[in-house]
Amino acid sequence: MPPVFGVIFDGAAYGMLLFLMSVGLSVTLGMMNFVNLAHCSFAMLGGYVTVTLMNALGWPFLATLPAAFIAAAAASVILERIFFRRFYHASDLEQCLLTIGIVFVSIAAAAYIYGTDQQPVQLPPYLRGSVHVLGLDLAVYRMFLIAIAMLITVLLVVTVETTRFGAQVRAAVNNQRMARGLGIDVDRLFATTFALGSGLAGLGGALAIQMVGLDPSFALTFLIYVLIVVSVGGLGSIAGSFAAAMLLGVSDIAGKYYVPAIGAFLIYLVMLALLMWRPTGIFGRR
Amino acid sequence: MTTQAVADPHEFVRAQIRWRWSEVVFWLATLLPFVLAPNYLVLASQIAITALFAMSLDLILGYAGIVSLGHAAYFGIGSYTAGLMSAHGWGEPLTGLAAAAVTAGISGYLTSFIIARFRHLALIMITLGIGLVLVEAANSASWLTGGFDGLQGIHTWPILGKFHFDLYGYTAYSYALIALFAIFLLARRLIHSPFGLALRGIRENGARMPAIGAPTREHIRTIYTIAAIIAGVAGALLAQTTETVSLESLGFQRSADVLVMLILGGTGRLYGGLIGAIVYMVARDQFSGLNPQYWYFWIGLLLIAVVMTLPNGILGGLSLLAARIGKRS
Amino acid sequence: MSENALAVSGLNKRFGSLVVASNVELSLPQGVRYALIGPNGAGKTTLINLITGMLRPDSGRIFLGDGDITIFSPDERVRRGLVRTFQINSLFPHLTALESVALAVCERRRVAETWWRELTAYSSEIDEAHEILSALSLAAAGNRVTRELPYGQQRLLEIALALATRPKVLLLDEPAAGVPRDESKDLFAAIAGLSRDITVLFIEHDMDLVFRFASRVIVMVGGRVLLEGTPAEIASDPQVRAVYLGKARQDLGQVRAP
């Protein structure tokens, strides 16, 4: 099989990771128009939780994943209660600045506690190595990543499309005022969605360690990619986040493989082109 | 209801434009470093340059409402223009400034066509994206830019043939301060012109502007170009006074720092960028021994505090205070 | 040579399966005052948005005088004399009333791009702004910041902004909306005082205004024009009564034609 399929596979794995980290931000941005730039700090928190549980407490890797999710979700609930709640009607700029302030503090805290080096993580043996499939060497971990992300995607879609909660989320994203008028408790809905989205980000952060590494600057470096996914995909759209994440994941890997000279910023060029074509995102509201 | 004599509208407009005593005090105070802190003139020149850059961002952010995360692009373009001219043998500073103004202005003008078409998140991301692309491109074009190591061989000639750049920064600070003041005067004029009024209209209610026949996109293109020119001049000043140019003059860090300074000082008041730059850079110099990680911790806390308590920055807080004192007396 | 100040033909617009404008035809002869009425959701404001260019129609044409303006941008239409006011005040909160009107005057006179001369040099523009404010009894409010003005004066400022552009055709979207009874006198005087050079179409629910000012009434329901006629004809039409149920029907019956 030609290497392009390997590139697509790696791109898909990276894209899935981006999706997990971005979907929460996209939905909360679409619902409440709250620009939470601290979103990737939750991802980073999830990563550090996994590292601590595994290295300091000897937990098995798989067991740390739900812990990462819960820790990030819990942290988001606390921050939402203390800070974010008061800024739902503030300007975009104020929200950006508040959450950037939180990012800076989180980066400094992580550096203080864990130092600035990349964190090592020992994968369990069944997730290491690669499998030879149809002439390609596919990394087992990436297959695992894709599998988990697909599972979560299916769960998300099922929840959003079939449950009452999901219907409320869709209504609130579509027209918040109307949703309130229908008696939906949008504030509580938002808090729940926010926690879920942040939890997913935490899970993404934990899963990302093996693929892209973890150090305190994670909260900022990944923020840029997450913002790209969210703006290109369209606010409030799960399908949009998925499509954008896959598109960007594959472009980035493909770019670095085929045109390494510009590979580093191919992702920005793709974003610029897509945003100029569709400013509200591929699946965004016009 | 008392009927007051209708105040003369011309007098009201004139009163808006008059120089306040606080402004005069401020500009006189900028001369103090020569006398009080002669060892810090190099720092003072850097502050003046950064203040100029911050002011250029205020023109698009505070007055026209364009949130740009990539304004350093024009600073960097100005920096590299002046630097390249000098590195290739022409180190005359004033023509260097002019050349930087031209290249930054043209870049800003071309980009403005894109900028004026978008709003909200798309606009923020586009400004970010353009900035990031430029940095990577500059990195790749290391034959031109010196890449990661930066430009070498910059030597700035004496200003007007007479004023040599000395080690103490005396010339540097004078040069930067004069440039800052001159451009400030132009910016002040702009703010109080019909164009300045139009910009405030765009900021206050962008949707209403077309409904009164305003060509909003043209206005945005104009102010964006002007802001790019000023940023380019600031960049050139930095290149000339420090005789170095590196990738960080284009980078996200610089765009983000100047945004923080402007917010700190207060947007939309023209002096906000100046005040913010002074406070930020003095603080950074005082804490320069600190690990950079901890610096960002305190900046983070400061940002949170400013947003929660003083959303209009230091100047906003001061004017609230003045209003409260005014009500009591 | 057309004598219509404004004409609309075959205008259609839908959002998915929601039809907001269906084959709308309209013509306003020079200098008239027409009223556009209809229940909420009939598409009246949408029609204004289509005419002013804030919404693009799926099909149809819009004529201002002789010229086809269908593809022109909103600000281009304003420069040609087609101006509207907003049902919910769309003002500049931190600009004073004078500054707001002066801005509109400067834009009209194409001096708003000059950044090198201070506003004080533009005394004729300031004078014109002051005159417009005075004509609407807003002169005393000139130096007050818009957000501090009482609602009735803000509504007048809304009209002042429109007048500053020297409109040929003026579309007023519910000018009296939300204005308390004691503040509406100035508003009515302002509308009555509009020059006959200006052609006016106003959306209103207030039947007093309709009967006082309109020579002809257009009724819209569900995105289409139901019928047109003089106020008296419309008031007695059984279809219109059926459309306006309850209290509104009583209002129509009770108002005496002038």
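How many residues does the contact take from chain A and from chain B? It takes 29 residues from chain A and 25 residues from chain B, where two residues are in contact if their C-beta atoms, placed from the backbone, lie within 7 Å. This is a predicted model, in which local features need pLDDT of at least 70 and side-chain atom pairs count only at pLDDT 80 or more, while totals for chains, interfaces and linings use all residues. Residues are numbered from 1 along each chain as its sequence is written, and chains are lettered from A and ligands numbered from 1 in the order in which they are written.

On the side of chain A that touches chain B, two or more residues each come from helix 4 (92–114), helix 9 (218–233) and helix 11 (260–277) of chain A. Helices (H or I, at least four residues) and strands (E, at least two) are DSSP runs, numbered from the N terminus. Helix 4 of chain A gives the largest share of that side, 14 residues. By class, the side has 24 nonpolar, three polar and two charged residues. Here Ala, Val, Leu, Ile, Met, Phe, Trp, Tyr, Cys and Pro count as nonpolar, Asp, Glu, Lys and Arg as charged, and the others, Gly among them, as polar.

Of the two pairs of chains that touch, chains B and C have the most contacts. This contact takes 32 residues from chain B and 39 residues from chain C. Helix 10 of chain B provides nine residues, the largest share of the side of chain B that touches chain C. That side has 17 nonpolar, nine polar and six charged residues. Chain A and chain C do not touch, and their nearest C-alpha atoms are 11 Å apart.

Chain C holds an open sheet of four strands in the order 2-1-4-5, with antiparallel pairing. Two strands pair if DSSP finds at least two bridges between them. Strand 2 (18–29) and strand 5 (67–68) of chain C are the edge strands, each pairing on one side only. Strand 1 (residues 4–15) and strand 4 (residues 59–64) of chain C run antiparallel and are joined by five bridges. In strand 4 of chain C, Ile62(C) stands opposite Val8(C).

Is helix 10 of chain A largely enclosed or open? Of its 21 residues, 15 are buried, so helix 10 of chain A is largely enclosed by the rest of the structure. A residue is buried if 20 or more other C-beta atoms lie within 10 Å of its own, exposed if 12 or fewer, and partly exposed in between, with C-beta atoms placed from the backbone.

Most residues other than glycine have a negative phi. Leu270(B), not a glycine, has a positive phi of about 65 degrees; Leu270(B) is buried, with 23 other C-beta atoms within 10 Å. Leu270(B) lies in the loop between helix 13 (252–265) and helix 14 (272–286) of chain B. Phi of Arg110(C) is also positive, near 60 degrees, but Arg110(C) counts as exposed, with 12 C-beta neighbours inside 10 Å.

The largest nonpolar core has 291 residues, and Val101(C) and Ala160(C) have the most contacts inside it. Such a core is a set of buried Ala, Val, Leu, Ile, Met, Phe, Trp, Tyr and Cys residues joined through C-beta atoms within 7 Å.
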